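Biologist: I'd like to learn how to read a model like this one. Could you put it up and walk me through it?

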Amino acid sequence: MSYTAVIRAISGSPDLDTELESLVRQTVPPEEVQIVVPDDVKPWRVPIQAARFVRSKRGMVTQRAEEIRQAKRDHLLLLD
């Protein structure tokens with residue numbers, strides 16, 4: 001099974017780095033990881049290469065909708 005892990009974020013943090021590192025160590029790791037950030041937030045360095053940033057308008061529902069729209073797999077893991 002392949003899936004996309006999508007994370008809604010507004011800034012980087014040690015907790016987010018830990019979450020990303022944990023994702024790629026899963027028994028079945030995600031094929032891709034998307035980090036959805038508002039348009040006015042500058043992407044930052046993340047500890048895994050599989051991650052890519054997706055821009056969205058600011059807002060919980062708006063960011064969630066964008067991460068679902070941008071996902072390339074049939075199965076999604078939605079994280080906040």
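This is a predicted model: local features need pLDDT of at least 70, side-chain atom pairs count only at pLDDT 80 or more; totals for chains, interfaces and linings use all residues.

Biologist: Is Ile68 buried, exposed or partly exposed?

Modeller: The general idea is to look at relative accessible area: under 20% is buried, over 50% is exposed, and partly exposed is in between. Ile68 has 42% relative accessibility, so it counts as partly exposed.

Biologist: Which residues make a nonpolar surface patch with Ile68?

Modeller: Leu76 and Leu78 do; together with Ile68 they make a patch of about 220 Å².

Biologist: Let's stay in helix α2. Is Gln63 buried or exposed?

Modeller: Gln63 also belongs to helix α2. Its relative accessibility is 1%, so Gln63 counts as buried.

Biologist: What does Gln63 touch, not counting residues up to four places away in sequence?

Modeller: For contacts, you look for heavy atoms within 4.5 Å. Gln63 touches Arg8, Ala9 and Ile10, then Val36, Val37 and Pro38, and finally Ser56, Lys57 and Arg58.

Biologist: Ser56 is on that list. Where is Ser56 found?

Modeller: Ser56 sits in strand β3, which covers residues 51–56. At 4% relative accessibility, Ser56 counts as buried.

Biologist: And which residues is Ser56 in contact with, leaving aside neighbours within four places in sequence?

Modeller: Ser56 is in contact with Val36, Val37, Pro38 and Asp39, and also with Thr62, Gln63 and Glu66. Take Val36: it is 20 residues from Ser56 along the chain, and the two C-alpha atoms are separated by 6.7 Å.

Biologist: Let's zoom out. How many helices and strands are there in the protein chain?

Modeller: There are 2 helices and 4 strands. Read along the sequence, the pattern is β-α-β-β-α-β.

Biologist: How does the radius of gyration of the protein chain fit a compact globule?

Modeller: You compare the chain's value with what its length would give. With 80 residues, a compact globule would come out near 12 Å, and the protein chain has 12 Å, so the two agree. Along the principal axes, the C-alpha atoms fill a box of roughly 35 × 30 × 15 Å.

Biologist: What share of the 80 residues is buried?

Modeller: Buried residues make up 39%. As for the surface, the protein chain exposes about 5000 Å², and carbon and sulfur atoms supply 50% of that.

Biologist: And what about contacts between residues 24 or more positions apart?

Modeller: Take the contacts with a separation of 6 or more: residues 24 or more positions apart account for 57% of them.

Conventions:
Residues are numbered from 1 along each chain as its sequence is written. Side-chain values use heavy atoms; hydrogens and water are left out. Patches are made of residues with over 30% relative accessible area and no salt bridge: like charges are joined within 9 Å, nonpolar side chains (Val, Leu, Ile, Met, Phe, Trp, Tyr) within 5 Å. Accessible areas come from the Shrake-Rupley method with a 1.4 Å probe; for residues, only the protein chains shown count as cover. A salt bridge is a side-chain nitrogen of Lys or Arg within 4 Å of a carboxyl oxygen of Asp or Glu. Buried means under 20% relative accessible area, exposed over 50%, partly exposed in between (1.4 Å probe, protein chains only). The radius of gyration is taken over C-alpha atoms; the globule rule is 2.2 Å times the number of residues to the power 0.38.
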